[in-house]
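Hi everyone, thanks for coming. Let's have a look at the model together, and please stop me whenever you like.

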Amino acid sequence: MAVTTVDSAPAPAVVPAKKLGRGYWAGVLRRLARDPVAVTAAVIILLIVLAAIFAPYVAPADPYKSSMIRRLRPIGTPGFLLGSDELGRDMLSRLIYGGRLSLVMGVLPVFCAFAVGSFLGVAAGYAGGWLNTIIMRTVDVFYAFPSVLLAIALSGTLGAGILNAIVALTVVFVPQVTRVAESVTTQIRNRDYVEAARVSGAGPFTIVRVHVLGNVLGPIFVYSTSLISVSMILASGLSFLGLGSKPPEPEWGLMLNTLRTAIYTQPMVAALPGVMIFVTSISFNLLSDGLRSAMEVKA
Amino acid sequence: MLAFTLRRLIYVTPVAIGVTVVCFLLVHITPGDPLTAILPADATLELQEQMKAAYGFDKPLPVQYGLWFWKVLHGDLGHSIATGRPVATEVLRAVKNTLILATVATLIGFTFGTLFGFVAGYFRDSWLDKLASFVSVLGVSVPHYWLGMVLVIIFSAQLGWLPPTGAGPDGSGDWRPDAAHLRYIILPAVTMSVIPMGVIARTVRALVGDILSQDFVEALRAKGMSEFGVFRHVVTNAAPTALAVMGLQLGYLLGGSILIETVFSWPGSGFLLNAAIFQRDLPLLQGTILILAMFFVMLNLAVDVLQTALDPRIKRG
Amino acid sequence: MTEPASDATSDPAFDPAARDRGGPAQPLLSVTGLVKHFGGRRSWRGETKGAVRAVDGVDFSIAKGETLGVVGESGCGKSTTARLVMQIIAPDAGEIVFDGEALGSRALDLTTYRREVQMVFQDSYASLNPRLTVEDTIAFGPRVHGVGRREATGRAHDLLFKVGLEPARFAGRYPHELSGGQRQRINIARALALQPRLVILDEAVSALDKSVEAQVLNLLLDLKAEFGLTYMFISHDLNVVRFMADRVMVMYLGKVAEVGPSDVILKSPSHPYTAALLASMPSMDPDARTEEAPLFGDPPNPIDPPSGCRFHTRCRFASAICANVEPRLAPVARPHEVACLMAQPGSGHPRAAPLRENAA
């Protein structure tokens, strides 16, 4: 027992203590950095994201420039490092540019769902009562649809388009995030420290801001990151069906669709966009897994 | 048990009604009037009004919903705009093909998923666990429509062993359980099985790991029970949850088959849905979604009740 | 009393002595008819059935500057009483009067009341937000009540010093970096940050090691003297209560069994339940050990408490009348009050009159 007794200690100086990087998230990041799988996944994601952002500088050719005489070149053709597509456009450039739309369409819905779902779930969980009933019963209804069906039904009725696909996917993920947020918040709400805060005379908004959000957003965030992989697959899937982006925009799912005709002539080239979706999706999954186990260690 | 079933049924009813509301509203969030899809582009204003009245679109939304719901209760989902046939018959025929495909896929996925999960859970943190876990991560991360394409490339385009598309040699016909049709289901079913395999493997791994780390297993070993006896205990304890996950996966596959059915031109509900979307055949779209969602709701209910019946630890009288 | 350590504590709004209204004779807290039932279903006739009668008509008062110990087995309603007094849960019935002002009146709204009354919880870990540093946790209350950030931090550092934790070392730490005893010191500092006059200590030392427990108890006594505090000290450990309390209130199944000065209650109790509790304490003196089991069985189900005296199902002296007549809390010798028919002359209990003469 190291209890400091301060009978003869000098009067304390009023200086707010520095947080010496011993905070919760610092610990999570430190543990994450020690997980080789998660680090590899993070590096891959970073590379894909950077390539997408700096596509004009990285891509060797114009992703829109087609050439009737250079269609469906195999991988390794000089000038077409990863071959060319059915319209003679450079595959490597299109894959690099394609990351832009694919990532936005995959990540943005999860981000929106994280914001909306956290709001709804925390409100339902902290307020309880009739507000909880209304929100959670509505969530149950949306849960009654398999997510792929709901995404396709919504973007099918809203009509093809990138924005509609993002809206549809957001609607798919909001109920899932809300459920997690609600259950985490309900647990936190009954903790002694929340009661202690109430005893201090704090109002519900102050308590939620100071004591609830800090403890629930982490778990909700980790859950949300596990949705990115599904979201990437679904978003590209919508484009694959013709419900997302439209030609000639480079997007991995759409490229996969238009290259379907080439599976007999250039199978390797035709499969390439899928490899990109696969690699991105699995990297997000592994990173999310790593993040979860880094957070599971008792804080 | 009966009381529990009834209570679940009462709980599910408002959810099911909510599902019908969402399906009903789907048609009304479409840009423009639902009629524009039916009417010829040069229709007169008078004809438009007539059609509106005929379809009841001039009434307020809740009334429209009531009328529609009443018809749905009597099995009338309207008529397909493209074919003119009743939506209910079209959808049920397609759902049968999807159900066959999804069931086969779930069985394949369950078999391999439990295998991987058991190996991983039993030899936790060994290289076998790492391998099995990695395979299951692959399963949940792979874009299955792409996997379908890859399998077609390998087994149809390159090797020529299996047909790339369709449900049978007779073109657009339904799938039948005979030798000629069997070859057609292999590729789509294997493609589809990858998702439940990954999910079930993850679940079983966690279950087995949990059970093995519990005190009662130590006690059984200490009492001198054989490894086989311990294994049996693990199986009986893991089975209810694993089966429940399998049931839910079947539901997800039923609703999520559209991408795979599109890749393989499988004449199921997903294929139908795809056609309905691109022909803007709204009654067909609405009917397909409604039936698939209702199927999912009922399947969830069945899984919930069965799991309770199977699991001695859950007593919800 | 030492002089306040900084400007923050000399603020008259936060000076407990300046807030005294009724003088020393007026009880700081007086509670009457406190009732809380949990759950249960309301029948069509409007009766509530199947409810857990956690607190079922409790009256008590706490004088200024005293420590009231509350004892009883788990489930007797002592923690519920604390939470009701603290207004964490709303009572079904009952009145709380703080220094002459009824809670809920215009003179005493909930916010004001909550600055006067604070609580220390049992679980030192669960009662600290794991994402806040020690100083942020302590400063939270004052910040809520409109104290500026600098000043609140200053007060937090003062209090850390007062509870024996050097601010420079501990202010920036997180709960998981502290020991159980240190965490409970933080909880005490947090409760004192609003400069309350009454502090409810709900099993505040029960989870601590014996050696640490003693240190924290001594700290509590020091703080009480320094800040002129009044304590409501809840514990199942009679030894600890003997050390801390001026008066003791014994609870059984949601009711008060006996209340009085601690030296009286813990030496010569009048209620058989109190006697049984005392007898079940392990004694250091081999000659004083009892051979018989003082208390048999578990407490009855609070959903359906026994009729008459709630203790009669486990009482060695129970007679037929105990199942029919509910004893009221009545004085044996002021200020010692007991709810037992044996202690009430003319109650009809066979042992009523002689037992009282013996006790006197």
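Let me start with a pair of helices in chain B: α8(B) and α9(B) run roughly antiparallel to each other, because their angle is over 145 degrees. Keep in mind that we are looking at a predicted model.

So what do the axes of α8 and α9 of chain B do? Helix α8 covers residues 215–222 and helix α9 covers residues 227–256; their axes come within 10 Å and cross at roughly 155°. The crossing of α8(B) and α9(B) is right-handed.

If you want to find the contact on screen, look for B:Val217, B:Leu220 and B:Arg221 on α8(B), which meet B:Gly229, B:Val230 and B:His233 on α9(B). By class, the residues of this contact are three nonpolar, two polar and one charged.

Now zoom out to chain B as a whole. The domain assignment gives domain 1 (2–73) and domain 2 (87–310). Their C-alpha centres are 32 Å apart. Where they touch, 14 residues of domain 1 of chain B contact twelve residues of domain 2 of chain B. On the domain 1 side, that makes ten nonpolar, three polar and one charged.

Notes
Residues are numbered from 1 along each chain as its sequence is written. Chains are lettered from A and ligands numbered from 1 in the order in which they are written. This is a predicted model: local features need pLDDT of at least 70, side-chain atom pairs count only at pLDDT 80 or more; totals for chains, interfaces and linings use all residues. Axes are lines fitted to C-alpha atoms, for helices over the stretch in contact, and angles run from 0 to 180 degrees between N-to-C directions. Helices (H or I, at least four residues) and strands (E, at least two) are DSSP runs, numbered from the N terminus. Angles under 35 degrees count as roughly parallel, over 145 as roughly antiparallel, 65 to 115 as roughly perpendicular and the rest as oblique. A crossing is left-handed if the near helix is turned anticlockwise from the far one by less than a right angle, and right-handed if clockwise. Two residues are in contact if their C-beta atoms, placed from the backbone, lie within 7 Å. Ala, Val, Leu, Ile, Met, Phe, Trp, Tyr, Cys and Pro count as nonpolar, Asp, Glu, Lys and Arg as charged, and the others, Gly among them, as polar. Domain bounds come from an automatic or database domain assignment.
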